[in-house]
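Please look over the structure shown here. A short report on its helices and loops follows.

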Amino acid sequence: MIGRGVLIVDFAACEIGNPAAKHIRQRPQERNLGAIAISEQIHTWLHECTHIHDDPPNTKALNYRMPTRVIDVGVDDGESVRLFEPPQTMREEYVALSYCWGDISFIMTQLKNIDDHRTALVVSELPQTFKDAIATTRSLRFRYIWIDALCIIQDSREDQDKELSAMRDIYSFAKVTITAVCAGSVFDGFLDAKPQLSVELPFACLDGEMGSVLVAPQKVTDLWQQRLYTRAWCLQENLLSPRVLLFCDGDVVWQCQTTPFRRIDNNNFDYGEEDATFRTSPFRRLPGSIFSEGRIPYSPIKVSGSITNNPETELKTWKCTVENYTRRRLTYLPDRLPALAGVAEKFQKTWTDEYLAGLWKRHFILLLAWRRNQDHPIVYFEPLQSYRAPTWSWASIEGPIEYDRVTPQSSAQKVEAKFVSCFVSLVNASLPFGQVQSARLKLEVSMVPWSRTAGAHDKRGQGHSATWDAMERPTQETMDALWDMFLCEGGQYAGKSKESFSLVLSPVEGEEDTFRRVGFSVWTVGWNWKPWSRVPRRTITIV
């Protein structure tokens, strides 16, 4: 309050000891995210999560194991750390780091220097993000941290394959994962926050004493625009970790299975979709049921007295995960499936289902109902130059995809396409969730020429839309050879009309009854007009 007027701002703050602190509870932004007060708050969160939430991991569990290598930061603030290979029987707690590498080369473990790294790594010679991660590990009183560039032999394909196959356990068993959200590269660091624009103004207290306040606009942070949230590999690092510390620019956010969004008590920052239950929220977590392995498929798990999973919920969880994942970018395009392999393996251990190039056998027909998300500019994503996945898989295209409104409840009795068989050949048989060499899907379906359904809709005035998998729309000559393969019906659309979903297929030259997927169609089908109803069924192959 100034004189007789009132100054309205996004927030006002003042330091403890300032006379205005009696009236203003908000404190200024902490520039040092490694400050003692922040470390103490993180300790409180960790203790609460471990002893009250009882969230994993449990170092006494039979399947608990440490990574092949970790960085030993020592028991004091020494000038060096070392690469350490714990014995298989060792069960010490460790933390993990999730960060962006960036485009400039930096120190990493290779065959030529691994022995030197086992002896010592001088902290002052490491990139700033590694320095900050080591400092945070020490302040949280942990001795070991896993950092991929230092703990995986980067010029050994054999070691990379071995460690990538263990990625699910590395993050799942970490006590907490330190996530450098605000660091665009490994050289940026994350503990030193940028100063926030503010103005200091006088403040007249009710008792007549004069103080001062800092006034500033609230900082709006869209995590989807942060570089870490545009990187595909970083998604599974977040989702597989039972606890996550998000170091944003000037703020620390806590995530765990019980509390997916929590931060230090301040109003300096606005993250937009802070409700983790929203489909598009960057704070969305995997449900607790996914972390309960080995159960009978669809057997309900009670958490706090409530049932947490069912077929529809599980299907939605996978769809949200894939939609989140596909909006992110890859440096190496063939990693489309490998970068999600850890999450897929987590689902497989829980569902005991068969994973087929990005789809699940139990929900296979419903999971074919994906299409390219048109809300994102396609120029952002590079076109593929070589084979990566079968055309029926979302992994076959680059860029974000979305699933249509089809669920087990709405379509259980209306699934028209029938799964017959699917064969997937892997690049590496020891990596069942990794790169695909080839695949052939066999379905029993009803299908009609594309021109028949598109033309009929045009004449009847009923709505239809097609989304093409390729960047450009097919030519008219190409479209004349296309087929419309009925997939399933969705829910009620309007009156007696319903939405109907189909795949648009193109024949493979020289192979009878063999097709490639080229698009996805949504039709408005009336009760008295279903173009597939009297068409003979046929068995086809999609590659």
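## Basis and overall figures

This is a predicted model: local features need pLDDT of at least 70, side-chain atom pairs count only at pLDDT 80 or more, and totals for chains, interfaces and linings use all residues. Residues are numbered from 1 along each chain as its sequence is written, and side-chain values use heavy atoms, with hydrogens and water left out.

The protein chain has 13 helices and 28 strands. Helices (H or I, at least four residues) and strands (E, at least two) are DSSP runs, numbered from the N terminus. Of the 543 residues in the protein chain, 54% are buried. Buried means under 20% relative accessible area, exposed over 50%, and partly exposed in between (1.4 Å probe, protein chains only). Contact means heavy atoms within 4.5 Å. Among contacts in the protein chain with a separation of 6 or more, 71% come from residues 24 or more positions apart.

## Helix α1

Helix α1 covers residues 36-53, which is 18 residues. At 1.5 Å a residue it should span 26 Å, and its end C-alpha atoms are 24 Å apart, which agrees. The expected span is 1.5 Å times one less than the number of residues in a helix.

The buried residues of α1 are Ile38, Ser39, Ile42, His43, Trp45, Leu46, Cys49 and His53. Seen down the axis of α1, they fall within an arc of 165°, so they line one face of the helix. The arc is that of the directions from the helix axis to the C-beta atoms. The cover over these buried residues includes α3 (128-139), β7 (176-179), β11 (243-248), β12 (251-256) and β13 (262-263). On the face of α1 turned away from its buried side sit the exposed residues Ile36, Ala37, Glu40, His51 and Ile52. After α1 comes Asp54, with a positive phi near 60°.

Helix α7 (residues 233-240) packs with helix α9 (residues 341-351) at an angle of about 40°, and their axes are 8 Å apart. Axes are lines fitted to C-alpha atoms, for helices over the stretch in contact, and angles run from 0 to 180 degrees between N-to-C directions. The two helices, α7 and α9, are therefore oblique to each other. Angles under 35 degrees count as roughly parallel, over 145 as roughly antiparallel, 65 to 115 as roughly perpendicular and the rest as oblique. Gln236, Leu239 and Leu240 of α7 meet Ala341, Gly342, Val343 and Lys346 of α9. The residues of this contact divide into 4 nonpolar, 2 polar and 1 charged. Here Ala, Val, Leu, Ile, Met, Phe, Trp, Tyr, Cys and Pro count as nonpolar, Asp, Glu, Lys and Arg as charged, and the others, Gly among them, as polar.

## A buried glutamate

Glu323 lies in helix α8 (residues 311-326). Glu323 is buried, at 14% relative accessible area. Leaving out residues up to four places away in sequence, Glu323 touches Arg279, Ile401, Glu402 and Tyr403.

## Positive phi in two loops

Arg141 is in the loop between α3 and β6 (144-146). Arg141 is not a glycine, but its phi is positive, near 65°. Its relative accessibility is 67%, so Arg141 counts as exposed.

Asp513 is in the loop between β26 (497-507) and β27 (514-525). Asp513, also not a glycine, has a positive phi of about 55°. With a relative accessible area of 30%, Asp513 is partly exposed.
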